[in-house]
Amino acid sequence: MTSTQFSALFVFALAASVLLQLWLAARQINHVRRHRNAVPDAFAGSIVLTSHQRAADYTVEKTRFGMVHTVFEAMVLAAFTLGGGIEWLTQAAQHWFGQGIAAGVAMIAFVAIVQTVLSLPFSWHSTFGIEAKYGFNQSTPGIFWGDLLKTAGIAAVLGLPLVTFVLWLMQQMGAHWWLWVWITWMAFSLFVMWVFPTWIAPLFNKFEPLPDESLRLRIEALLTRCGFVASGIFMMDGSKRSSHGNAYFTGLGKSKRIVFFDTLLKQLDGDEIEAVLAHELGHFKRRHIIKRIGFTFVLMLGLLWLLGQLMQVSWFYQGLGVQTQTTATALMLFFMVLPVFTFLFAPLGSWLSRKHEFEADAYAAEQASASDLINALVKLYRDNASTLTPDPLHSVYYDSHPPASLRVAALKRLA
């Protein structure tokens, strides 16, 4: 392949990816609008029309904004690659730091900083525009900028040493460097999962033991039945940023924690909270988390091997607008353009995730109550303004959770 051919292939893939995303978004908007004025029969007794219409308007506005963001991100990617942005930053980094690894680390850091700055208007509008308009935002400019600075600090403390070591491995480990990088990346990923609950998450939120004693005892009984050992059950002050409710598991080994947003505890009663937790435990018992981690590790091994082949051919660099062929530019280019060439495979990941959600629901119906989980889901759909009528094709492509109607119907069969 020549550099000209690869450039043409990249442009075609980028354009096709953007057009497909825009078409799917347009389908979503049109479908949600068509069903705006009638609550689906399965929810007619539990969700009023005004709540349904609010969810439709919220979905449409977010989807429209996403279309603008999609086009903007494509323009930024084109500017970084064919527009010469990566090449310019590489030359600048080498001018300031020489020809070694430091220049490569600096170039990658420059790209990350530029991408963060360019994304700020979108993050700001999403938080203080759309989320505020629909009554979800509880954040303040102080929290917004504080989160940004904390995230940047964590990225610098953890990310810069990792990038430095990866570039060193790429230069020193010969033809099989990708295997060493893969081992390093796996170890780093597991380390972050382990330290996140106790060291990283508390930098952003306050965690305290679940204050409701009766609920805590009930949850502990459920954990015992399910054979799950956790280091603690915590309530998180999610309401400081948003009124959306959630619950999740975090950590590895002895650091595993169960975390409830304070907003969720206000939205649901004890039976419903137990059912939601049973669903999350279903992911653990069905080994979904281990399967996803394993799949990610195997996929990364294949991608790093592919990068090892591509970085040896000049058309890979030149076809993406880069003349300075270094390990850092190869690494940066590969992971920047990868989504363009893999977007068509997104439905596979969504399908697997939805399959896991059905399995976790079935487990929750065994350990708690399908009816209680239905009631919890309906409240969450209503309070979080989740559309009950997504476009089927858009849902197949993107949604990690089954559409509300299918999920509730499956639970009713288990009730």
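## Exercises on a predicted model

Leu 333 touches Thr 81, Ile 86, Phe 316, Tyr 317, Leu 320 and Val 322, leaving aside residues up to four places away in sequence. The model is predicted.

**Exercise 1.** Classify the ring pair Phe 191 and Trp 194: what are the centre distance and the plane angle?

*Solution.* 
- Two quantities describe an aromatic pair: the distance of the centres and the angle of the planes.
- Count the pairs in the model. There are 26 aromatic pairs.
- Now take this one. The ring centres of Phe 191 and Trp 194 lie 6.4 Å apart, with the planes at 50°.
- Check the cut-offs: centres within 6.5 Å, stacked under 30 degrees, edge-to-face over 60. The pair of Phe 191 and Trp 194 is therefore tilted.
- Phe 191 and Trp 194 are three residues apart in helix 6 (residues 177–200), so about one helical turn separates them.

**Exercise 2.** Trace strand 2: which strands pair with it, and in which sense?

*Solution.* 
- Begin with strand 1, residues 207–209. Strand 1 and strand 2 run antiparallel, joined by three bridges. Phe 207 has Met 236 as its bridge partner in strand 2.
- Move to strand 4, residues 257–261. Strand 4 pairs with strand 2 in the parallel sense over four bridges. Here Phe 260 stands opposite Met 235.
- Sort the side chains of strand 2 (residues 233–236). Ile 233 and Met 235 point one way, Phe 234 and Met 236 the other way, and all are buried.

**Exercise 3.** Find the charges over rings: which residue lies over the face of Phe 234, and which over Phe 204?

*Solution.* 
- Over the face of Phe 234 lies Arg 257, 4.2 Å from the ring centre.
- Over the face of Phe 204 lies Lys 150, 5.8 Å from the ring centre.

Technical notes: Residues are numbered from 1 along each chain as its sequence is written. This is a predicted model: local features need pLDDT of at least 70, side-chain atom pairs count only at pLDDT 80 or more; totals for chains, interfaces and linings use all residues. Side-chain values use heavy atoms; hydrogens and water are left out. Contact means heavy atoms within 4.5 Å. Rings of Phe, Tyr and Trp (its six-membered ring) pair if their centres lie within 6.5 Å; planes under 30 degrees apart count as stacked, over 60 as edge-to-face and the rest as tilted. Helices (H or I, at least four residues) and strands (E, at least two) are DSSP runs, numbered from the N terminus. A charge sits over a ring if NZ of Lys or CZ of Arg is within 6 Å of the ring centre and within 35 degrees of the ring normal. Buried means under 20% relative accessible area, exposed over 50%, partly exposed in between (1.4 Å probe, protein chains only). Two strands pair if DSSP finds at least two bridges between them.
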